[in-house]
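Reader: I am new to this structure. Could you walk me through how some of its descriptions are reached?

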Amino acid sequence: MKPLGSTGPWAAGPVTTRASAVLAPNPGWMTLDGTNTWLLVEPGAPRAVVVDPGPDDPGHRAAVLAAAQARGTRIAAILLTHGHADHAEGARALHEATGAPVRALDPAHRLGGEGLAEGDVVTVDGLEVSVVATPGHTRDSLTFLLPADRALLTGDTVLGRGSAVIVHPDGDLGAYLASLARLAELAGATEAAWVLPGHGPASPDPAGLIADYRAHRAERLALVAAALASGISDREALLDAAYPDVPDALRWAAHLSLAAQLAHLTGRAGAPPAG
Ligand SMILES: [Zn+2]
């Protein structure tokens, strides 16, 4: 299969007028170069927004605080794209260090602030961030639109490199495909110029990257459907047929996505909605 996203290196730092990335020191198979913590600042404004504080790592927290200070700002709001630990675990300590509320779709991840939901607009000193619900990677996945920079902060829904994992049963492939369709539409309507992902390099071609993601999903789903149609039912054999290219270190993650695809193809829903 065609590699998704950039194959080049990613140094983080400033990307758009308002957005810069601080790279967390948690590289790995799933986290790629590490988690991108995004600092958003309206030019000249005294207050900043942080998207995804990343892991609970004192060095990373100090780097995020220093990046805010270097821009002459203090952190006034912390937003989460979703609750996975590599994005959200550091939220509590950053909240304690700054007093900034932590806002997320999932009430379990909020601290001292309101929630976040589809259609919300977060405004801090002229900086405007619109909230778009993009479930699929997880039930609580959000994308943030930064209209002034025509940028989409996609968390783990669209990565800068490689494909996203659908974390069955919390994640849901039908919801994910609908979210990708929604993002494709949004990228077109807003003439999006950047994807600022949760992991990997920022992409200057949102429409192309999202189209590649949709094609990749369709291709993978067709492989699973063909394997099922040929009579393969054993999970390991299905994985071999549908993911001939997966490294051993990622088989467990591919199994989660395979389970999501089997549930999708056989019409079985994932877990019942929480709460
Ligand atoms: Zn995640």
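This is a predicted model: local features need pLDDT of at least 70, side-chain atom pairs count only at pLDDT 80 or more; totals for chains, interfaces and linings use all residues.

Author: Let us begin with a contact: L238, L239 and A242 in α6 meet R251, A254, H255 and L258 in α7.

Reader: What kinds of residues make up the contact of α6 with α7?

Author: They divide into five nonpolar, one polar and one charged.

Reader: How do you know whether α6 is roughly parallel or roughly perpendicular to α7?

Author: Look at the axes of α6 (residues 235-242) and α7 (residues 251-265), which come within 10 Å and cross at roughly 95°. Angles of 65 to 115 degrees count as roughly perpendicular, so α6 is roughly perpendicular to α7.

Reader: Why is strand β5 called largely enclosed by the rest of the structure?

Author: A residue is buried if 20 or more other C-beta atoms lie within 10 Å of its own. Five of the six residues of β5 (residues 74-79) are buried, so this strand is largely enclosed.

Reader: What makes β4 and β5 a pair?

Author: Two strands pair if there are at least two bridges between them. β4 (residues 47-51) and β5 have five bridges and pair in the parallel sense. Here V49 stands opposite A77 in β5.

Reader: Through which helix does the chain cross from β4 to β5?

Author: Through α1 (residues 58-70), and this β-α-β crossover is right-handed.

Reader: How many bridges link β5 and β6?

Author: β5 and β6 (residues 102-103) have two bridges. At least two are needed, so β5 and β6 pair, in the parallel sense. I78 stands opposite V102 in β6.

How values were computed. Residues are numbered from 1 along each chain as its sequence is written. Axes are lines fitted to C-alpha atoms, for helices over the stretch in contact, and angles run from 0 to 180 degrees between N-to-C directions. Helices (H or I, at least four residues) and strands (E, at least two) are DSSP runs, numbered from the N terminus. Angles under 35 degrees count as roughly parallel, over 145 as roughly antiparallel, 65 to 115 as roughly perpendicular and the rest as oblique. Two residues are in contact if their C-beta atoms, placed from the backbone, lie within 7 Å. Ala, Val, Leu, Ile, Met, Phe, Trp, Tyr, Cys and Pro count as nonpolar, Asp, Glu, Lys and Arg as charged, and the others, Gly among them, as polar. A residue is buried if 20 or more other C-beta atoms lie within 10 Å of its own, exposed if 12 or fewer, and partly exposed in between; C-beta atoms are placed from the backbone. A crossover is right-handed if, with the strands pointing away from the viewer, the path from the first strand over the helix to the second runs clockwise.
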